[in-house]
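Here are my notes for you to read alongside the model. Keep it open and look up each residue as you go.

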Amino acid sequence: MSDGLTHAAWTDAVRDGRLLGGSCGQCDTTVGTPKAACPHCGARDLETVDLPTEGVVYTETTINVPPEGIEERGYQVAIVDLGDARLLGRVDGETVGVGDDVALSGYTEDEQGYTAPRFEAV
């Protein structure tokens, strides 16, 4: 049985400038956010691993119709390929495109305390 990455531990790591994920002991899949089970094989043996803080933009989009409670419009989000895992985050600074190198630049936190990573071009 694994130590199980909790949302609180993942959030604390993001706030500290680190990225944590879970690596499946059965099929070697790595995920970039806390999961109760491997999304590939369903195993519950996910070991907490450090993920790189730099990666490549896998895909991106600009949010012009934000979720309820967020007033900002026209911000960019990207799914960043970190090697073994992919992670969604906001993009700071200049606009990035698919294939661009990015690095963790901080985090954003909503009114309910939910934290998400932010990336910027490198």
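1. Let's start with cysteine 27: at 26% relative accessibility, cysteine 27 counts as partly exposed. Buried means under 20% relative accessible area, exposed over 50%, and partly exposed in between (1.4 Å probe, protein chains only). This is a predicted model, where local features need pLDDT of at least 70, side-chain atom pairs count only at pLDDT 80 or more, and totals for chains, interfaces and linings use all residues. Residues are numbered from 1 along each chain as its sequence is written, and side-chain values use heavy atoms, with hydrogens and water left out.

2. How far is the sulfur of cysteine 27 from the closest cysteine sulfur? That sulfur sits in cysteine 38, 3.6 Å away, which is too far for a bond. A disulfide here is a pair of cysteine sulfur atoms within 2.5 Å, and the structure holds 0 of them. Cysteine 41 is in no disulfide either, its nearest cysteine sulfur being that of cysteine 24, 3.6 Å away. Cysteine 41 is partly exposed, at 39% relative accessible area.

3. Now look at helix 1, residues 7–15, where Trp10, Thr11, Ala13 and Val14 are buried. Helices (H or I, at least four residues) and strands (E, at least two) are DSSP runs, numbered from the N terminus. Down the axis of helix 1, the buried residues fall within an arc of 160°, so they line one face of the helix. That arc is taken from the directions from the helix axis to the C-beta atoms.

4. Just after helix 1, glycine 17 has a positive phi of about 85°.
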